[in-house]
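Here is a short tour of a helix pair and a set of paired strands. Keep the structure open beside you as you read.

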Amino acid sequence: MSRIAASWSRFTGIVVKELIQLRRDRLTFGMMIGIPVLQLLLFGFAINSDPKHLPTAILVADQGVFSRTLVAGLQNSGYFDVVRSLRHEDEARQALRAGQIQFLVQIPYDFSRRLVRGERPALLVEADATDPAATSNALAALSGVIDTALAHDLKGPLAALAPGASPVELRVHRRYNPEGLTQYNIVPGLLGVILTMTMVLMTGLAMTRERERGTFENLLATPARPLEVMTGKIVPYILIGLIQVVLVLIAARWLFAVPLEGSIVLLFLVVLLFIATNLALGITISSLARNQLQAMQMTFFFFLPSILLSGFMFPFRGMPEWAQALGSILPLTHFLVLVRGILLKGSTTTELWPALWPIGAFLAAVIAIGLLFYRRTLD
Amino acid sequence: MRALAIDVHKLNKHFGAKHVVRDLSLHVLGGEIFGFLGPNGSGKTTSIRMLCGLLTPDSGSGTCLGHDVVRETAAIKREVGYMTQRFSLWEDLTIGENLDFIGRMYGVRSRTAAVARALDRFGLAERSDQLAGTLSGGWKQRLALAACMLHEPRLLLLDEPTAGVDPKARRDFWQEIHALAATGVTVLVSTHYMDEAERCHRLAYLASGRLLAMGTAQEIVARRGLGAWAVSGPELSAITRTLEALAGVDHVTAFGNVLHVTGRDARSLGEAMGIAAASHPAHRFEPVAPGLEDVFISLMDEVRDEAR
Ligand SMILES: Nc1ncnc2c1ncn2[C@@H]1O[C@H](COP(=O)(O)OP(=O)(O)O)[C@@H](O)[C@H]1O
Ligand SMILES: [Mg+2]
């Protein structure tokens with residue numbers, strides 16, 4: 001038999017064995033199905049915070065003094081960080097869609113002139129409201145900012161314009177999640193959290209279980225190679241992961257009426273990549289851990305930051321920079337951007353690429369570490 | 001001359017500070033049944049694991065079926081059948097599923113037929129759908145043997161295969177081993193049972209990680225030059241003390257109505273027995289041939305004395 005055929009035979013052997021064992025392990029099987037349903041119901045509530053420094057593009061068509069004051073005022077409020085590179089409306093709207101900026105503020109060309117005339121000029125603000133918690137406070141602060149900033153300039157002969165009603169008409173468009181529904185944000189997020197938890201844990205136990213039961217010695221005595229064992233143990237759980245995804249998506253649709261704007265094929269491809277990444281991490285954990293307890297502890301050591309720093313629990317942009325840096329290593333962080341993008345914004349592959357490659361990089365790194373630490377002997 | 005199936009030189013293995021195998025050199029001929037004996041913890045399992053590539057020796061070199069034990073473990077794994085001391089097949093798979101899995105791992109040709117043949121040969125066919133975890137010791141042992149022979153290895157490494165197995169199953173097992181050896185398969189088997197040791201072509205005796213004796217049973221016994229006497233008569237338990245106190249007597253062991261007396265030095269034991277016979281006219285004293293067990297116990301004493 002050729003080397004490849006022999007290798008394939010061993011790989012399928014491990015897949016079949018894992019599937020049979022999974023089928024006989026009722027408790028685990030029930031847990032895999034039970035956990036998503038339970039969590040979905042538990043997390044049906046919102047988690048709020050007050051994020052600042054949200055990336056904002058400001059398109060200034062007006063040359064007057066008031067628009068400059070306004071931009072400075074927005075910046076001083078602490079809620080908005082102006083992204084200066086975006087000068088055209090198309091560019092800016094693209095950035096909003098891709099989640100690179102949270103707000104797009106447009107100051108029309110006759111803003112200052114109309115303000116002086118007391119015509120209450122319009123100020124157009126578009127917000128990415130997929131995560132309502134991330135935008136609501138900033139939006140609430142916005143009108144206050146405008147009034148304070150302009151009050152400073154509206155002095156002397158113009159003072160008459162300052163008091164009373166706001167001199168500016170603020171028009172806010174919440175994009176992608178117009179009603180600001182938290183479930184729209186939470187449910188896609190839950191998908192990632194559930195997959196992270198169950199996938200890492202299940203495969204995390206896979207190898208340590210063999211070691212504790214003594215069957216690892218038998219497996220080692222056969223010609224099976226590390227990559228065959230690792231991939232063979234991953235494949236059955238991909239199926240389980242897909243079942244979970246279908247469950248959550250059905251619940252998202254029927255329980256919470258979460259829309260599906262983008263391509264379902266793209267969604268499942270992204271999900272597959274994410275599942276494979278978590279499974280590979282689990283297998284790597286189980287080659288590092290000495291027993292099932294250690295594997296469990298390592299899993300939670302990974303799971304906690306995933307929940308806290310990924311933008312699931314707290315808005316990502318509301319976290320301090322070091323936390324954001326840590327968070328952007330985690331696959332869940334990027335998965336959340338991807339799933340929210342596909343479900344709520346109908347984003348395409350090119351738009352999602354910046355969030356796609358970090359997951360792939362994580363997967364490659366984890367497999368490399370796993371192969372490095374796979375024990376080829378009983379030493 | 002037959003080729004050597006196992007040819008290793010001065011293998012050593014430590015676990016932490018513990019020196020578990022010391023300078024182990026073994027030569028096992030092709031088609032031979034080679035017995036591996038020694039008390040618990042003497043390093044038998046560790047030695048076998050080094051032979052099949054599951055443990056890397058700290059030092060030493062050698063070959064197994066012509067493949068280097070350090071560098072060519074992949075080739076060794078393909079050609080060797082290893083039966084672990086503890087049952088290590090999957091308890092949540094059935095007998096048939098276990099064999100099928102092993103068949104896939106070794107890339108066995110026409111696997112289904114090979115598995116069916118193995119099931120028949122070991123009388124497992126009827127239980128093929130039974131979960132391995134629900135089998136009794138004897139059946140587990142048969143399954144394990146069937147599994148490690150499925151890919152028709154040229155060398156079998158069996159680690160205490162008959163521990164906890166009833167006498168009938170043990171006899172069947174040894175019949176199987178001899179039949180295999182007749183076809184040219186080499187078998188290295190570790191055991192605690194003396195009757196099994198005597199069924200091996202050659203033996204090695206290990207204690208505290210050191211190889212103390214190697215050869216056929218007769219050679220080992222003859223080389224040791226032990227003296228052994230049988231003492232029979234009334235009130236044997238009373239005379240036991242007296243005999244043990246005599247110079248030249250190492251061990252007095254009761255076997256039913258006979259005391260078995262052994263000594264490292266056959267001459268001084270003979271003198272001691274002469275004195276004892278004179279003072280115990282009611283008893284019968286007669287010299288007998290020492291057995292393997294006598295030799296092994298005496299070897300162990302020596303190791304213990306040295307350690308002191
Ligand atoms: N993986 C291990 N780690 C540490 N010590 C070990 C390990 N395996 C065996 N030992 C120790 O090595 C010694 C020899 O063990 P072993 O080879 O199993 O002996 P045997 O098979 O003759 O009973 C024992 O003292 C045992 O405790
Ligand atoms: Mg042992």
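In this predicted model, helix α3 (residues 95-105) of chain B and helix α4 (residues 111-121) of chain B have axes that come within 10 Å and cross at roughly 130°. Angles over 145 degrees would count as roughly antiparallel and 65 to 115 as roughly perpendicular, so α3(B) is oblique to α4(B). The crossing of the two helices, α3(B) and α4(B), is right-handed.

Which residues of α3(B) and α4(B) meet? From α3(B) come B:Ile95, B:Gly96, B:Leu99, B:Asp100, B:Gly103 and B:Arg104, and from α4(B) come B:Arg111, B:Val115 and B:Leu119. Sorted by class, this contact of α3(B) with α4(B) has four nonpolar, two polar and three charged residues.

Now for the strands. Strand β13 (residues 258-263) of chain B is largely enclosed by the rest of the structure, because five of its six residues are buried. Two strands that pair with β13(B) are set out here, each with a residue that stands opposite one in β13(B).

| Strand of chain B | Bridges to β13(B) | Sense | Opposite residues |
|---|---|---|---|
| β11 (residues 227-232) | six bridges | antiparallel | B:Ala228 and B:Thr262 |
| β12 (residues 251-255) | five bridges | antiparallel | B:Phe255 and B:Val258 |

How many residues lie between β12(B) and β13(B) in their hairpin? There are two residues between these strands, and B:Gly256 in the turn has a positive phi of about 60°. As you look along the strands, remember that in a regular strand the side chains alternate between the two faces of the sheet.

Definitions and conventions. Residues are numbered from 1 along each chain as its sequence is written. Chains are lettered from A and ligands numbered from 1 in the order in which they are written. This is a predicted model: local features need pLDDT of at least 70, side-chain atom pairs count only at pLDDT 80 or more; totals for chains, interfaces and linings use all residues. Side-chain values use heavy atoms; hydrogens and water are left out. Axes are lines fitted to C-alpha atoms, for helices over the stretch in contact, and angles run from 0 to 180 degrees between N-to-C directions. Helices (H or I, at least four residues) and strands (E, at least two) are DSSP runs, numbered from the N terminus. Angles under 35 degrees count as roughly parallel, over 145 as roughly antiparallel, 65 to 115 as roughly perpendicular and the rest as oblique. A crossing is left-handed if the near helix is turned anticlockwise from the far one by less than a right angle, and right-handed if clockwise. Contact means heavy atoms within 4.5 Å. Ala, Val, Leu, Ile, Met, Phe, Trp, Tyr, Cys and Pro count as nonpolar, Asp, Glu, Lys and Arg as charged, and the others, Gly among them, as polar. Buried means under 20% relative accessible area, exposed over 50%, partly exposed in between (1.4 Å probe, protein chains only). Two strands pair if DSSP finds at least two bridges between them.
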